[in-house]
Amino acid sequence: MTGARSASEGDADTSVGTRGGDTPDAEPRTASHWRPARGPVVCLGETMAAVAPAPSDTLDGAESLRLSVAGAESNVAMYLADLGLPVSWLSAVGDDALGRRVRAAVEGAGVDVSGVRTDPARPTGLLLKDPGAAGTRVHYYRQGSAASALGPDVLDDARVGGAALLHLTGVTPALSPSCRALVERALGTPRARRTHAVSFDVNHRPALWPPDTAAGVLRDLADGADIVFVGLDEAQELWGAGLTEADVRGLLSSPRVLVVKDGGRGATAFTERGVCTVPALAAEVVEPVGAGDAFAAGFLAGLWRGTDLTRALRLGHITAASALQVVGDHGPLPDADTVEAMLALTERDWCRAPTR
C-alpha cells in the first residue's frame, strides 16, 4: 500500500501502555507502530448550517439564535488545518446562502474547499441545537440535501487520488443509498489496492438510521478501515451493553489502529504492537458536541507527525478540550508552545494538568 508507512519504518512504538515515571513516555521503545504516510489529508462528508441559542437558553425560550456550521468531517478538517496539516474537504452544498456560509467558514479555517460541489437543485442541510439539563438535543433537516446526493464518483476526485489519508465517518452511509455506496467503495477496496490509508469514526447517529440496521453496517465498515475511532458508550449501544475496550478490539480486529474513547475518563489505542491508554484532561464542558471530531483530528495529527501513541492520544485530548469549552463545534487551540509543553509532561503531571 503506497499510502501508509509499515511498522518497520519510522519512530519507535510506545503502544505497550502508559506507566508512571518522571519522563513523558515511559513505555519501552522496541518496535515501531504503523502510521499513515505524511501527505495530504482528505475529509469527506456533509456539513450543515447550525442554529443554536446562547448556552444559558433553550431553543423554545431564546429570543435570538446563533448561526454557525456543523459537520463531523469538516470539524476534523478544520482542526487538522489548525494543527498544520495540508487538508481538503470534499462535499456538496446547495446554491444558497447557507451553502455559501458553510463553504466560507470551512475555508476560513485553512481548509481547501475547491472540491466542494454546488448543487443547483438541492438545499444545504440544516440542524437545530436545543440545549437542556439532560444534554443537547439535535434536530436534523437534511433529507434531500445536496450532500445526500453524493455517490461513489466522489472518490475519483484527484484530491483523493493524491491523498495519504482519507477520513470518513458513520454519518455518511446513513444519509442515502448513494452515500452508503460511496463509503462501502472506499472501505471495501482491499488495503493492498488502496493508494491511501482510510480512517473511520463510527459516529453513530441513531436518528439517521432505520431501526436495527446500524449495528451490522457500521461494524462491517469500521473493520475495513486502517484507523477507527469509536466511543465505548456507542459501541455498547451498537454491539452489546457489557462490552469492554478489549471486547471492542475483538469485534474490530482488522484495523491497524483502533481508538476506543471512554468519555471524560480516557482513550485507549490498540495496535498490533500492544495497547496504550491515556487519561482525559479535566475540562469545563460548555457543550460536548464536536469533541469527538476534535479528538480524532488531534490523534490523526499525532500519527501524521510520526509521534508515539501516548503523545498522539494526548494531542487528541488537548484538541477535544478546545471543543468542549465552546458552544460551536470548533474552538481555539492552545498556542503551540503550550501544546508542546503539555505533550512533554510526565504521566503524573499530565493527570493533574488543567486544560489551557
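**A walk through the predicted model**

Ser-148 is buried, because its relative accessible area is 10% and the cut-off for buried is under 20%. The model is a predicted one. Ser-148 sits in a loop. That loop runs between strand S10 (135-141) and helix H3 (158-161). What does Ser-148 touch, leaving aside its neighbours within four places in sequence? It is in contact with Arg-142, Leu-175, Ser-176, Ser-178 and Cys-179.

Next, the aromatic rings. The structure holds one aromatic pair. Its partners are Phe-229 and Phe-299, and their arrangement is edge-to-face. A pair of aromatic rings is described by the distance of the centres and the angle of the planes. Here the centres of Phe-229 and Phe-299 are 5.7 Å apart, with 85 degrees between the planes. Phe-229 belongs to strand S13 (residues 227-231), while Phe-299 belongs to helix H8 (residues 291-305). The pair therefore ties together parts that are 70 residues apart in sequence.

Now turn to helix H10, residues 336-343. Thr-338, Val-339, Met-342 and Leu-343 are buried there. Seen down the axis of H10, the buried residues fall within an arc of 135 degrees, so they line one face of the helix. Ala-336 and Asp-337 lie on the other side of H10 and are exposed.

Note on methods:
Residues are numbered from 1 along each chain as its sequence is written. This is a predicted model: local features need pLDDT of at least 70, side-chain atom pairs count only at pLDDT 80 or more; totals for chains, interfaces and linings use all residues. Side-chain values use heavy atoms; hydrogens and water are left out. Helices (H or I, at least four residues) and strands (E, at least two) are DSSP runs, numbered from the N terminus. Buried means under 20% relative accessible area, exposed over 50%, partly exposed in between (1.4 Å probe, protein chains only). Contact means heavy atoms within 4.5 Å. Rings of Phe, Tyr and Trp (its six-membered ring) pair if their centres lie within 6.5 Å; planes under 30 degrees apart count as stacked, over 60 as edge-to-face and the rest as tilted. The arc is that of the directions from the helix axis to the C-beta atoms.
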